[in-house]
Amino acid sequence: MTKQLYYFDHYATEFTATVLNCEAKDGAYAVELDQTLFYPEGGGQPADHGWINGIAVTDTREKNGVIVHTMAQPLEIGTAVSGKIDWNRRFDLMQSHSGEHILSGVICGKYHCDNVGFHLNMDKITLDFNAKIEDADLPAIELAANEAIWKNLPVEITHPSQEELAVLPYRSKKALSGDIRIVTIAGYDCCACCGIHVAHTGEIGQIKILSTQNYKGGTRMEVCCGMRALRSHAEKNESVLALSHALSVPVSQVAVAAQNKFQELDELKHLRAAEKWETFQKQAAQIPDGITNLLFFADGLDSKDVAHLGDLLSSKISGTVALFSKLDGDNYSFLLLNPAEDVRPLLKELQNDFGCKGGGKAGAVQGRVTAAEAAILSFFQNRGFSM
Ligand SMILES: [Zn+2]
């Protein structure tokens, strides 16, 4: 069994130890010490990282009471070593974990529900509750959780006896036996937990609910705490200020101004579509009567426009429409259309000559080709197409 120094002092960052074992494993080394400050992944809290003798520890796991440190280089068995945990990472995880307890305590108290899932990693914290949490309740929940921070309450760790546990209303995700570690924040939460916490709630800094979604009949909530909340605020502030500048409105009016802009864009799109339709109709009207097969060049049409114009042109002739729309340089998108005939053989010939891509059904194929306009023109003129 490795002596778990992190339980004696949540704030200790450096320690000395003796190497008990070191084995090559999966391209790295699994190192066991007689004692360690490296908290192994557990109770929803990710593993500590850091250094032993200056060599990086990239993971820490516990199995049957033995803590194994993953390292890139080996350590000599029997030697004394000095270790240091990555305190920024650990403190961030402590802030997040303690924040999660407060929020879960507030929510479970209000809704008489359970926290049925807790996922804490370096990017994200999610909490799952087996109750539908109403959006309208979120501001009050968030406020209550942050009040616990402002009160700077002690986070108490105890190991009650079985008799004491029997009458203690504590949260737990599973049935527990043996020595049970209880984390209490008076007035807010009491929970069985093996994680590492801050000593006082004030250290959490802030608890911010980022979003909620329906999850398995209950609610999944994404939150952030401590320095993550500060970072999240800074990122959002930067985005909102940039938007406020771009839209020339105060920050408080950014959402409304953006919606108005989208509406304007939508109206412009409709207007442009109507103008295009009118142009296509004019172009089709100029096609003389009596044409069988038609080659038509256009500029910069999207696939929807190509289909629209193709249909209009097709209605003016008796044979096949070959519509080429210039994208850039010698790149064209094209449509071959004939409601009464299979145009795939013509596509095959085009592919043989130009090595282009394309496909579709018997009466209509679409594709892309890189070719000079003159070469396309000559290909279709040779097959009796009019311009
Ligand atoms: Zn916990």
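Modeller: The domain assignment divides the protein chain into domain 1 (3-85), domain 2 (91-234), domain 3 (249-286) and domain 4 (287-381); such bounds come from an automatic or database domain assignment. This is a predicted model, in which local features need pLDDT of at least 70 and side-chain atom pairs count only at pLDDT 80 or more, while totals for chains, interfaces and linings use all residues. Residues are numbered from 1 along each chain as its sequence is written.

The largest nonpolar core has 49 residues. A nonpolar core here is a set of buried Ala, Val, Leu, Ile, Met, Phe, Trp, Tyr and Cys residues joined through C-beta atoms within 7 Å. A residue is buried if 20 or more other C-beta atoms lie within 10 Å of its own, exposed if 12 or fewer, and partly exposed in between, with C-beta atoms placed from the backbone. The residues with the most contacts inside this core are Val 31, Ile 102, Leu 103, Ile 207 and Val 223. Helix H1 (residues 87-111) supplies the largest share of the core, 6 residues. Because domain 1 (3-85) and domain 2 (91-234) both give residues to it, this core lies between them. In soluble globular proteins, nonpolar side chains tend to be buried together.

Leu 103 touches Leu 127, Ala 145, Ile 207 and Val 223, leaving aside residues up to four places away in sequence; a contact requires C-beta atoms, placed from the backbone, within 7 Å. A second, separate core of 23 residues includes Leu 309, Tyr 332, Leu 350 and Val 365.

H1 also lies across S12 and S13, running at about 115° to S13. For such angles, axes are lines fitted to C-alpha atoms, for helices over the stretch in contact, and the values run from 0 to 180 degrees between N-to-C directions. Helices (H or I, at least four residues) and strands (E, at least two) are DSSP runs, numbered from the N terminus. S12 and S13 belong to an open sheet of 3 strands in the order S11-S12-S13, with antiparallel pairing; two strands pair if DSSP finds at least two bridges between them. Strand S11 (156-158) and strand S13 (189-192) are the edge strands, each pairing on one side only. From one strand to the next, the twist averages 20°. Strand S12 (residues 182-185) is joined to S13 by 4 bridges in the antiparallel sense, and Ile 182 stands opposite Ala 192 in S13.

The chain also holds a closed barrel of 6 strands, which runs S2-S3-S7-S6-S5-S8 with antiparallel pairing. Its neighbouring strands are turned by 45° against each other on average, direction ignored.

As for the whole chain, its secondary structure comes to 8 helices and 20 strands. The radius of gyration, taken over C-alpha atoms, is 34 Å, well over the 21 Å that the globule rule (2.2 Å times the number of residues to the power 0.38) gives for 387 residues, so the chain is more spread out than a compact globule. The C-alpha trace spans about 100 × 55 × 40 Å along its principal axes, and the C-alpha centres of domain 1 and domain 4 lie 68 Å apart. Buried residues make up 28% of the 387 residues.

Definitions and conventions
Two residues are in contact if their C-beta atoms, placed from the backbone, lie within 7 Å.
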